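My notes follow the display.

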Amino acid sequence: MATAQPGAAPAPRPLLSLSDVSVTFGGVTALKGVSFEVMPGEVHCLAGENGSGKSTLIKVITGVYRPDGEARISFDGEVYDQMTPVAAQAAGIRVIWQDLALFPEMSVAENIAFQEVVGGRPRRVDHGAMRETARKVLARLGTSLDLDLPLRDYSIARRQIVAIARALVGEAKIIFMDEPTASLTQAETSHLLAIVRTLSREGIAVVFVSHRLAEVIEIADRMTVLRDGRLVGVYPAREMTPSRITELMTGRTFDANVRARSHGTAPAVLAVEGLTRPGEFEDVSFVVRRGETLGITGLLGAGRTELALTLFGMRRPHAGTIRLDGKPVRFRSNRDAIRAGIAYLSEDRLSLGLIQPQSIADNLVIASLGKVMTGGLISQRRKQGLVARWVGELGIKIGRQEDAVSTLSGGNQQRVAIAKWLATDPRLLILDAPTVGVDVGARAGIFDIVARLAAEGLAIILISDELPEVYYNADRVLHMARGRIVGEYDPRSIALPELEAAVYA
Amino acid sequence: MLRRLQTQTTEMVLLAVSVAICLVLSLASDRFFTLVNLFDLANASAVNIIFAVGLLVVLIAGGIDISFAVAASVVQYLTALALAQIGGGGWVSGLLIAGSIGILLGAFNAFLIHRFRIISIVVTIATFNIYFGLLMFFTRGVSIYDLPDWWTGKVILFERQMADGNWAELRLPVLVMALCVFATWALIRHTTTGRQLYAFGDNPEGARRFGISVAAMQFIAFGWLGLMAGIGGLVQAHYAQEVVPNALYGRELDVLAAVVLGGARLGGGRGSVLGCVLGVLLVAIVQNGLNLLGASPYAFRMIIGVIILVAITLSNAQIGKLFATRSEGRAAP
């Protein structure tokens, strides 16, 4: 098959090419000798764990950081000794940052055409021209949005589209998308990927930075993998599998075995019957047994989080019963739920789960202050003891207990959040999207902890819209759609693709 | 038009409430809905509206300012001294001097905020005390009555004698106010600088990534408020026909409350000139009405407090929902 082709056409010139790029920040090496190349119209994936240098590389290309030494950037036939943000913009390089950098109070039109009011002397704004620019770009994306409504009226998925539209204003030749799907559901992601394909057909190169491995393989032509600031390699995307990518990104191998076991005779910790909150979920019934991990999956908006918040006492059911260890319970607030032994790891660790600027120790004991109190005051000795115990038990890598939680990596933060709830001695632990923002390598560690806790007898509800997560880690999987449970699966008797077909149908 | 109503709910609600209150007041008091009273209302609200549109710009840019009212007092004094030096001056030199000093005082706030990265409320509480302390110290609390004639002389734009013999007069402050309102509207709505101010208040990091200068935004916002404070100070002294060092002390909170009532968001990115003007007018109408009805001035304070609480509670969530037909699902994908 693979024969030399001496007469083949010369390879097309790359649109963007960097070679031997190194960046150091005060002695810390962020990138070392990295080369990177993108062809015109190519969909290229830049993969790597947090801290592997992906963002640094993008910032070098857009002129935010200056690389050390002799590194040169060539883009669209021009060689730049030193890229600047203005030159990058003018040359057609666009970045859609993970936080989108949009203006929620401003109208859709202004968000898209904002470039028109930046730069140069102060001048009159041509609102009509801005609307026209916005309308045209949205039409190019096959979308129409109400141009006059403030962006805050739109969902994350549509804001994403606005961000893409903004990037297309002017002559875009290459668009970097930093974790564009992090907060999208599968259906919204598909729509986004369709847009990426459209751009690619128009000859615009798209560089996709993503954690989600399945979609990466689906969309990309080639993939550049970084690890610890170094280039691991460049691969044709269609030859990759998620486990191979994980291996390349982490330098380790992970076994992906279904962990499911049967818990048919174990006593039920939680039994829910006919639970209903109109508009959120209807007639939900299920049982979680001692030592069992129950997975609940479904698209965003299926009512999973609402259900979890109801079990946790933060919302009241309109109908139905919740039984804990056989006894019906009625929570007035989540304080009642915590006292009854229910713990809920919130889906949004950054804003809800942990108090970022506070110390690891304070975060860890906040839900179980009763245990560290003596005579109405917090005993530092008891607090340190409790923290040390859980830090050891969950293998959390910390410097000092007093360091701010924000100094930890995503995976370690999530462990602190789990430890916070375990310190309350729960009988039921609800994990809502526990791996969002956690590196692939650290995810496995989180699930090892979950498996150990289950083996110790804790009942666990694992909520996630990443199907492989629930498939590999839960004993049973419930599928929720439009507020109802529409299917129950045993991972031992169904293959992942079948489950995916059932859920995404 | 319907679209416009939807995106300007706060303004429309304010307008409706103001009209309703006016109706009630015209029924309750036969003196409310008279040209004399309405012109008085306009003359008396002019200075607050000038301050308010200045403060609006700072709020839109994500800042807050407590010091502008006492800064206006400082401007009055320094302007009076400067005018005495140049032998009296006139409206042009007066506005130039007052405006420049106002801008300088505003820029000093911006400098402290930007240079030392201190949040604006802390900086302006500090400068509020510094300005007021210096003013009282150097003036020993003594007022100036000996002002140039052009400054204190009544300028009537429009007058008409009513059936009862009273004169209804629209005075100069209203014209100055109209110019300030128009200039601010043009600035924030129709210049690139204005849109950058909105963007900066809405998402400072997002604005920075567009290459918008953070320093420029702070200096423009606080400089504009300084300019308005300077002009407002000049006009207030004209209206009162004297310069009293503590005349404007406490005015900052009244104006701030009215601007927030007008829909400006503490934290930046939201607010309109129309809403701001309506906010000041609503407060003024309520005060005027209570006066006419013979209510205690303390009742007014209490009622304004309640109005602001209700307005802010309603404005974000409920009102929007009541009027909105917009829903996420409606827009085509």
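Before reading any pairing, I noted that two strands count as paired if DSSP finds at least two bridges between them, and that strands (E, at least two residues) and helices (H or I, at least four) are DSSP runs numbered from the N terminus. The model is predicted, and local features need pLDDT of at least 70, side-chain atom pairs count only at pLDDT 80 or more, while totals for chains, interfaces and linings use all residues. Residues are numbered from 1 along each chain as its sequence is written, and chains are lettered from A and ligands numbered from 1 in the order in which they are written.

I looked up the parallel pair β3 (residues 43–47) and β9 (residues 222–227) of chain A, which is joined over four bridges; Ala47(A) has Val225(A) in β9(A) as its bridge partner.

I then traced the open sheet of six strands in chain A, and found the order β6-β7-β8-β3-β9-β10 with mixed pairing. Its edge strands, β6 (93–96) and β10 (230–236) of chain A, each pair on one side only.

I turned to chain B and found Pro204(B) in helix α10 (residues 204–209). Leaving out residues up to four places away in sequence, Pro204(B) touches Gly62(B) and Val214(B), contact meaning C-beta atoms within 7 Å. From C-alpha to C-alpha, Glu252(B) is 26 Å from Pro204(B), at 48 residues apart in sequence.

Definitions and conventions. Two residues are in contact if their C-beta atoms, placed from the backbone, lie within 7 Å.
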